[in-house]
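Thanks for coming. Please take a look at the structure on the screen, and then I will go through its charged pairs and its sheet.

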Amino acid sequence: MSNKKIHKNVKALEQERQQLITFVLSECELVEGSYRESLMRCGRPSCHCEEKPGHLVARISVWEEGKLKNKVVRIDDREWVKDLAQNYQAHKQAIANLKKLNEKETKILRTFIKLKSRR
């Protein structure tokens, strides 16, 4: 790999890093956890859910002190909680991408150091 190509790759990685950091530091709201919807039976003997699919229930799942906690989401709040949970997942993915980017950059810089070294 030539010096020019290495410089170009590092600059491209730095631009990508800056975009990811800007995204993570943005002022968007988040809800920590994973949003899930499932069908449940309510337990009332005369309810339709005894024989047909149950009622739709939305939950946010969060790990707290080593245990998975589920919090029920009210019907009126489902859409915005779902959006905020997706924002949270996107932020987690951005941080994972930053980690991969750092590993890639470190590998390139080590190659650069080897090329510069005298034998």
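Let me start with Glu14, which is partly exposed, with a relative accessible area of 36%. On that scale, buried means under 20% relative accessible area, exposed means over 50%, and partly exposed lies in between, using a 1.4 Å probe and protein chains only. Before going on, a note on the source: this is a predicted model, where local features need pLDDT of at least 70, side-chain atom pairs count only at pLDDT 80 or more, and totals for chains, interfaces and linings use all residues. Residues are numbered from 1 along each chain as its sequence is written, and side-chain values use heavy atoms, with hydrogens and water left out.

Which residue does Glu14 form a salt bridge with? The partner is Arg17, and the closest N and O atoms are 3.2 Å apart. A salt bridge here is a side-chain nitrogen of Lys or Arg within 4 Å of a carboxyl oxygen of Asp or Glu. Both residues belong to helix α1, residues 3–24, and because they are 3 residues apart there, about one helical turn separates them. Helices (H or I, at least four residues) and strands (E, at least two) are DSSP runs, numbered from the N terminus. Arg17 is buried, at 13% relative accessible area.

A search of the whole structure finds 4 salt bridges. In one of them, Arg74 pairs with Asp77, with 3.1 Å between the closest N and O atoms.

Another salt bridge links Glu64 and Lys71, with the closest N and O atoms 3.4 Å apart. Glu64 is partly exposed at 33%, and Lys71 is partly exposed too, at 43%.

Now the sheet. It is open, with 3 strands in the order β1-β2-β3 and antiparallel pairing. Two strands count as paired if DSSP finds at least two bridges between them. At the edges are β1 (34–40) and β3 (67–73), each pairing on one side only. Neighbouring strands are turned by 40° against each other on average, direction ignored; the axes are lines fitted to C-alpha atoms, for helices over the stretch in contact, and angles run from 0 to 180 degrees between N-to-C directions.

How many bridges join β1 to β2? There are 7, and β2 covers residues 55–64. Across this antiparallel pair, Arg36 stands opposite Arg59 in β2.
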